[in-house]
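Hi everyone, thanks for coming. I'd like to walk you through one structure today, so please have a look at it on the screen first.

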Amino acid sequence: MDEIQGQLMDTIAAIATPLGTGGIAIVRLSGAAAFEIAGRMVRLRKGTALEQMKDRSMALGDVFEAGTGRIVDECIVLAMKGPRSYTGEDVVEIQCHGGPVVAEKVLSLAFRLGARPAQPGEFTKRAFINGRMTLDEAEAVLDIVTSSSEAALFHAGRRLRGELGAMVGQWEAQIVDLLALLQGAIDFPETIEADRSEILGLLGGLQNDIGAVLERAPLGLALSQGVEVCLVGRSNVGKSSLFNALLSRDRAIVTDIPGTTRDVLRESTEWYGLPVVLLDTAGLRETQEVVEALGVERAQTAAVESHVILYVLDDTQGISGEDVEWLKKWQSRNCLAVITKTDLDKAQVDVRQIEQICGDRWVRVSGATGFGIEDLKKEVQSMYASLGDPEALAPGSARQVDCLERALDGIEAAIEYLNQGWTDDVIVLALEEAAGSLMELTGKKVSGETLDRIFSRFCVGK
Ligand SMILES: Nc1nc2c(ncn2[C@@H]2O[C@H](COP(=O)(O)OP(=O)(O)OP(=O)(O)O)[C@@H](O)[C@H]2O)c(=O)[nH]1
Ligand SMILES: [Mg+2]
């Protein structure tokens, strides 16, 4: 943590609002010299010094260029003294007019007076390092900023308010108590005896609780990162037309030439509250053409790596032997057969044949008229709705899932050792692993490398 603490010496600055024209832009400074730097670039209208501003107060002022004295813009200054600020340090926010030139100019003045450019997520990283939030809460901040649906927003909100962290903290405390008991029994075997059946009961409870939260992980990850839905099928069946219809815009090139799509196209969207990343791919076919062959390879990889496969069939052509092979190969995954071009009334796809492979997981649509498109979205959304209540508490990142899985492994190992009659020191080792993994989740125990990985995903200014 020392190396991490060392980074806190500088005063950082960044524009906290998106670049572009708008009502206001906010330039944010954080660090020991925030008030001093802001005081040398903003003159308050009431005539008092900015450094004297009371904690959590605001004042009208003018940003001026040191040296020339030229006024850059009028502004509102917000003063927040550490430790009761977002970062836990002294924070000054300068609200100027919302134009990119003015905001950049104000920021450049802060840099000239000694602030350094903030790295992505550095304000939130400082909040974590200064104990203003736990690591799972910091991750929730990012999920709120990037949430692409209301369900995702509410889910991240619960985590930002520390509900997941509090639960994990309780589990950790229970394990730490057990560790103290076991350690006592090891050190003072004559006076302390750990009741093994009681410990087994407690560990069984923890196993159930952590297991229940882990079961909701697919839903939590879907909400925070989006469900990857991949359109695949033979060439020219109408995948790109569906891609456009599902996005309600003309995103992918559509032609009647087989092999039109080459690369994988990805677009974010939302279907009935479910954040979705939709993928369009090259048609699956044997080809000697180098670029197309690479595209076909990528299509298969994309399908396998996606959460949901939409296998597209052309209703004017029917089902080929290849279609049957692909459908059989992917039916154990979340695969839905999508029969398109139904507007042409050819009805060549034998639905009974589809049902034999996919059961009731098929829909009829038309990329040209939009028929069935909403039903298709609802069908995918319902696959996820069946995973559980979207408002229920669940981990929101692969990192959190990994920590919980390792904690569960540790607990299950301890249960096994207890049942097999191993000595207390072996059980202690397994439980230490479990407690350590839970501490990693909330950030009580974390490496600088993990922090860098988490915060590099943030934008500058957050
Ligand atoms: N009438 C009708 N024509 C469609 C429909 N969907 C696609 N088409 C036509 O079918 C042809 C192929 O459509 P695409 O969407 O490019 O097919 P694709 O599967 O993406 O093709 P590749 O990228 O080559 O694999 C085009 O001429 C489309 O206009 C549909 O629902 N109805
Ligand atoms: Mg295409």
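Let me start with an open sheet of six strands, which runs in the order β9-β10-β8-β11-β12-β13 with mixed pairing. Before I go further, please keep in mind that this is a predicted model. Which strands stand at the edges of this sheet? They are β9, residues 265-271, and β13, residues 362-364. Each has a single partner strand, so one side of each is left without a neighbour in the sheet. From one strand to the next, the twist averages 25 degrees.

Now look at β11 (residues 308-314) and β12 (residues 335-340): these two pair in the parallel sense, over six bridges.

Hold on to α10, as it takes us to the ligand. How many residues surround ligand 1? There are 23, and the closest are G238, S240, T261, G283 and A368. Helix α10, residues 239-247, gives the most to this shell, with three residues. For those of you who think in side-chain classes, the shell has six nonpolar, 13 polar and four charged residues.

On to the other sheet. Here seven strands form an open sheet in the order β3-β4-β5-β6-β2-β1-β7, again with mixed pairing. At the edges we find β3 (42-44) and β7 (116-117); each has a single partner strand, so one side of each lacks a neighbour in the sheet. Within this sheet, β2 (residues 22-30) and β6 (residues 91-98) run antiparallel and are joined by eight bridges. V27, for example, has I94 in β6 as its bridge partner. Helix α3, residues 100-112, lies across β1 (12-15), β2, β4 (57-64), β5 (71-80), β6 and β7, and runs at about 15 degrees to β2.

Last, a pair of helices. The axes of α7 (residues 163-187) and α16 (residues 424-442) come within 9 Å and cross at roughly 155 degrees. That makes α7 roughly antiparallel to α16, and the crossing is left-handed. What classes of residue make up the contact of α7 with α16? By class, this contact has 17 nonpolar, four polar and four charged residues.

That's my tour, and I'm happy to take questions.

Note on methods:
Residues are numbered from 1 along each chain as its sequence is written. Chains are lettered from A and ligands numbered from 1 in the order in which they are written. This is a predicted model: local features need pLDDT of at least 70, side-chain atom pairs count only at pLDDT 80 or more; totals for chains, interfaces and linings use all residues. A residue is near a molecule or strand if its C-beta atom, placed from the backbone, lies within 6 Å of it. Helices (H or I, at least four residues) and strands (E, at least two) are DSSP runs, numbered from the N terminus. Ala, Val, Leu, Ile, Met, Phe, Trp, Tyr, Cys and Pro count as nonpolar, Asp, Glu, Lys and Arg as charged, and the others, Gly among them, as polar. Two strands pair if DSSP finds at least two bridges between them. Two residues are in contact if their C-beta atoms, placed from the backbone, lie within 7 Å. Axes are lines fitted to C-alpha atoms, for helices over the stretch in contact, and angles run from 0 to 180 degrees between N-to-C directions. Angles under 35 degrees count as roughly parallel, over 145 as roughly antiparallel, 65 to 115 as roughly perpendicular and the rest as oblique. A crossing is left-handed if the near helix is turned anticlockwise from the far one by less than a right angle, and right-handed if clockwise.
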